[in-house]
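The exercises below are to be worked with the sequence and the coordinates side by side. Each task is followed by a solution that goes step by step.

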Amino acid sequence: MHVNGTHYRTVWLGTEPGTVRIIDQRKLPFAFEIEDLRSVDEVATAIRDMHVRGAGCIGATAGYGMYLAALEASAGGDFDEIVNRRAVQLIATRPTAVNLRWAVDRQLAAMSGTSWAGEKLDIAESTARAIADEDAEACRAIGEHGLEIIRNLHAAKAEGEPVNILTHCNAGWLAFVDHGSATSPIYAAHAAGIPVHVWVDETRPRNQGARLTAWELGQEGVPHTVIADNVGGHLMQHGRVDLVITGTDRTTWTGDVANKIGTYLKALAARDNQVPFYVALPSSTFDWEIENGVRQIPIEERGGEEVSHLSGFHDESGEEREVRLTPDGSVTANFAFDVTPARLVTGLITERGICEASGNSVRRMYPERFE
Ligand code: MRU
């Protein structure tokens, strides 16, 4: 997508050999900075400390990280021992988004096809590029399929009225390689001339909605309003939300969805108010091995300082500042994700089309996964 009119992906290979380039998302929306990563340690830090975040983006970054692991291994030592150790290191950085493990496993499987180190390195590079390209293409296709939902809602609205869409967190292009998942249908509708307006949940504690989703929608000229996290239910009760679309960090093959903390409450409010609640995802976000999201999806717990403190940029000095919110001595807890059961999800928007959030429907969409 575009930053000041220039097209960017979130992660790519630099022209200098062995350099992975990322947009440092910690600085947005106040500064747009590119960071170069030159080792697996740097990639692991960038994922763990959320210089990059979002399921597809950390998957693609880990794919490039495995290319750096292969580069390190091809300089000497036991190739397989090194890449396997680096794989474990990368997978351990963040537990919930399954794209991370999926990308690392795909790299290991691809490299296992040959015993020659030079060829393994070539395979690791081409696989990293393929993971990123496929992520971008899947998100583009999600936009095409999701566009039909927005088109139908628009057809039922009064002349000139925008379709009001609520989204939570950032499942935008910053969370992937390009386009985004939840935002892709929105960008497609905007490009097709359908008037849309997005309610952007701020998404405490890290405020990915207020900082990232609002910024990227603004860069693409999509009308939006940032709201506090607890506003959505009120808006739905008053007919001001036509559709909810969120992303997901891991989805069971039965349709349970783990997404940023607070998503479950939006799904409950949507059900109570008969607002359609869709979840957009590329197939790399399915976990084909588990069927009960609440019981089986690991939920990341992050440091309490993300809850006790707020950070932002000071208007006058332009400096980043952190301020405390909670009294000294108050204990904090920081659960980063929650699980929305399939029964609350109207449908899954995938790169192959839209299906119900149920094992049978997912099986019909991806039959090869069940052979
Ligand atoms: O903690 P994050 O920012 O990596 O969380 C990921 C998310 O942004 C959301 O949960 C998102 O909606 C799904 S990721 C495509």
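**Exercise 1.** In which loop does His168 lie, and is His168 buried or exposed? Then list the partners of its side chain.

*Solution.* The model is a predicted one. Begin with the chain trace: His168 lies in the loop that runs between β6 (163-167) and α6 (183-191). Next, consider accessibility: the relative value for His168 is 2%, and because buried means under 20%, His168 counts as buried. Turning to polar partners, the side chain of His168 makes a polar contact with the side chain of Asp201 at 2.8 Å, and the side chain of His168 also reaches the backbone oxygen of Ile261, at 2.8 Å. Finally, leaving aside neighbours within four places in sequence, the residues in contact with His168 include Thr203, Asp229, Asn259 and Gly262.

**Exercise 2.** Describe the largest pocket by volume, lining and class, and explain where it lies relative to the domains.

*Solution.* The space in the largest pocket comes to about 480 Å³. Among its 21 lining residues, Arg206, Arg211, Glu306, Ser311 and Glu320 are the closest to the centre. At least two lining residues come from each of α7 (208-219), α11 (305-308), β14 (309-313) and β15 (320-324). Sorted by class, the lining of the largest pocket holds twelve charged, five polar and four nonpolar residues. The largest pocket lies between domain 1 (2-134) and domain 2 (145-370), because both give residues to its lining.

Key
Residues numbered from 1 in each chain as written. Predicted model: local features only at pLDDT ≥ 70, side-chain atom pairs only at ≥ 80, totals over all residues. Heavy atoms only, no water. Helix = DSSP H or I, 4+ residues; strand = E, 2+ residues; numbered from the N terminus. Buried < 20%, exposed > 50% of the residue type's maximum accessible area, 1.4 Å probe, protein only. Polar contact = N/O pair within 3.5 Å; in protein donor to acceptor, adjacent residues only side chain to side chain. Contact = heavy atoms within 4.5 Å. 1 Å grid on protein atoms, 1.4 Å probe; cavity = no way out; pocket = protein on both sides within 12 Å on 5 of 7 lines; lining within 4 Å. Points joined across faces, edges and corners; volume = space filled by probe spheres on them. Nonpolar A, V, L, I, M, F, W, Y, C, P; charged D, E, K, R; others polar. Domains from an automatic or database assignment.
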